[in-house]
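Work through the exercises below with the sequence and the structure at hand. Try each task before you read its solution.

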Amino acid sequence: MSPIRFAIPLCAWRHLSVLRSVQSLRGRQCGGARPRCSSTGLNGERSMEELLRRTVTPLPTYETRDKSPPPPDSNSLEFMYFYRKLNKEQKLVFLEKLSKEFGVDHRGVSELAVKLLDTQLRDSATVLQVEDRLRYSLTPRYRHLLGHISRVEGGVKFLVDLRADVLGITTSKVTDSPHMRDLNSTLKSLLSEWFSVGLLRLERITWQSPCELLQKISQYEAVHPVRNWTDIKRRVGPYRRCYAFTHASMPGEPLVVLHVALTQDISDNIQSIVREFATLDAIEEVQKINSAIFYSISSTQAGLQGVELGNYLIKRVVRELQSEFPHMAQFSSLSPIPGFAAWLQGFLGQYRKEGRAAELLSEQEWREVEEVTGAAHGAAALETLRALLGSGEWLRSERLVRTLEPVLMRLCAWYLYGEKRRGYALNPVANFHLQNGAVLWRLNWLADTSPRGIANSCGIMVNYRYFLQETSTNSATYLQNKVITASEQVLSLVSQFHKNSKL
């Protein structure tokens with residue numbers, strides 16, 4: 001347990017040292033021991049406006065854009081220090097001011113747009129120059145500050161966290177400001193450039209990795225929570241691999257983490273991966289390794305949402321594993337199905353409302369449910385079934401488990417294959433793997449019997465299989481034609497759903 005005791009004081013000491021350095025710098029720049037951006041001025045909008053006018057410098061003219069000296073680092077540091085002192089409500093006001101009052105010069109853009117129309121009959125050089133001026137004028141004033149912040153120590157991480165705040169505001173509908181959406185778009189564009197795959201480092205996490213990194217891997221695990229140090233040691237031990245993308249501007253901070261199990265066959269349940277291990281000192285027998293199972297992928301930075309990382313991480317890891325195990329032939333995920341149970345409750349409720357309860361199950365299936373539960377025929381039996389599925393009590397009856405297996409499997413197959421949002425899979429995990437070119441390959445009954453697995457997906461999990469020679473074609477088919485490539489098992493279950501649900 002000594003690594004835990006060591007990591008926390010070390011991180012706290014480093015944080016305190018950085019904070020003291022920034023405060024000292026602020027004091028010298030503001031002409032005294034207390035910085036101009038002290039907490040005494042945070043409550044008024046005037047202090048925000050003064051700070052923004054001071055740090056968000058005007059765009060250089062088109063003619064001087066490559067010759068103007070960069071603003072001092074103190075502008076970026078002062079902006080960062082000021083923003084971190086704000087509470088949630090103050091951040092909203094601050095970001096609205098930044099995005100609206102320090103964005104694009106719309107009058108200048110309009111004038112250049114008119115000028116561009118007037119030059120359409122001129123020579124190409126003139127038209128191109130006016131287009132370039134117009135392009136430059138569309139740059140928000142705050143974009144240059146964001147670029148300069150990225151160059152100071154801790155600046156990139158600050159901007160990632162800043163975008164997380166902006167995303168939180170826009171998705172919570174606290175404001176419907178188009179200026180805030182434009183700020184989010186600008187931040188996403190910048191972060192996509194800075195976190196392009198060529199600038200990322202693939203790092204294999206082992207028990208010899210720094211303690212702080214192992215602790216973060218444990219904390220960030222969003223799919224199958226890590227219970228203790230022994231658990232994380234096993235997840236990076238024999239027959240397991242753990243990889244992460246890191247970035248030079250955020251040292252020691254994993255951006256996206258992928259856990260892999262090395263198995264003989266494609267796994268059909270998560271218990272065999274996260275609960276059953278070889279001994280920690282076991283020697284891997286290469287002849288027993290034929291499959292790589294991606295059983296958990298977690299993005300750690302909310303501010304990098306929408307920036308392609310997970311897709312590239314899987315591709316890089318596949319190449320790494322092929323290099324280590326040239327004979328490896330099978331690559332597949334073993335994925336949870338978040339949202340299925342919630343969708344199912346709504347789906348059953350809709351059938352009850354429409355008086356179509358009898359259409360969901362066969363007569364024999366309804367008879368079994370009614371006999372086990374003692375519920376009356378029709379709507380009462382459906383409501384009883386909804387309650388049992390919502391509470392997880394259905395697992396207590398082996399007879400009910402056997403009866404509900406074909407029912408829930410075909411409903412789940414339809415949820416993954418047939419339920420869409422704008423033509424693409426409604427389920428976010430399915431959409432991710434299908435975009436990558438995987439095949440919706442196999443549904444697995446009672447593959448996750450943990451309370452979380454039962455509550456989220458009635459215990460069902462799914463394999464998205466990567467046939468390496470077909471991923472590009474499958475991805476294009478899905479993205480361009482919105483067609484899901486699925487196995488015979490899945491298509492058969494979907495057909496059963498259509499037959500039983502009268503669709």
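**Exercise 1.** Which residues of helix 9 are buried in this predicted model, and on which side of the helix do they lie?

*Solution.* Begin with the helix itself, which runs over residues 178–194, has 17 residues and reaches 25 Å from its first C-alpha to its last, close to the 24 Å expected at 1.5 Å a residue. Next, pick out the residues with under 20% relative accessible area, and you will find that M180, L183, N184, T186, L187, L190, L191 and W194 are buried in helix 9. These residues cover an arc of only 160° around the axis, which puts them on the same side of helix 9. Then ask what covers them: the elements include helix 4 (88–101), helix 7 (141–149), helix 8 (155–171) and strand 2 (240–247). Finally, look at the N-terminal end of helix 9, which S177 caps with a side-chain oxygen that lies 3.2 Å from the backbone nitrogen of H179.

**Exercise 2.** Which residues of helix 21 are buried, and which are exposed on the other side?

*Solution.* Helix 21 spans residues 488–501, and its 14 residues reach 20 Å from the first C-alpha to the last. Its buried residues are V490, L493, V494, F497, N500 and S501. Seen down the axis, they fall within an arc of 130°, so they line one face of helix 21. On the other side of this helix, E488 and K499 are exposed. Among the elements that cover the buried residues of helix 21 are helix 14 (340–353), helix 17 (398–418) and strand 8.

**Exercise 3.** How many residues of strand 9 are buried, and which residues lie on each of its sides?

*Solution.* Count along residues 461–465 first: five of the five residues are buried, so strand 9 is largely enclosed by the rest of the structure. Now separate the two faces, remembering that in a regular strand the side chains alternate between the two faces of the sheet. M461, N463 and R465 lie on one side of strand 9 and V462 and Y464 on the other, and both faces are covered.

Terms used: Residues numbered from 1 in each chain as written. Predicted model: local features only at pLDDT ≥ 70, side-chain atom pairs only at ≥ 80, totals over all residues. Heavy atoms only, no water. Buried < 20%, exposed > 50% of the residue type's maximum accessible area, 1.4 Å probe, protein only. Helix = DSSP H or I, 4+ residues; strand = E, 2+ residues; numbered from the N terminus. Expected span 1.5 Å × (residues − 1). Arc of directions from axis to C-beta. Contact = heavy atoms within 4.5 Å. Polar contact = N/O pair within 3.5 Å; in protein donor to acceptor, adjacent residues only side chain to side chain.
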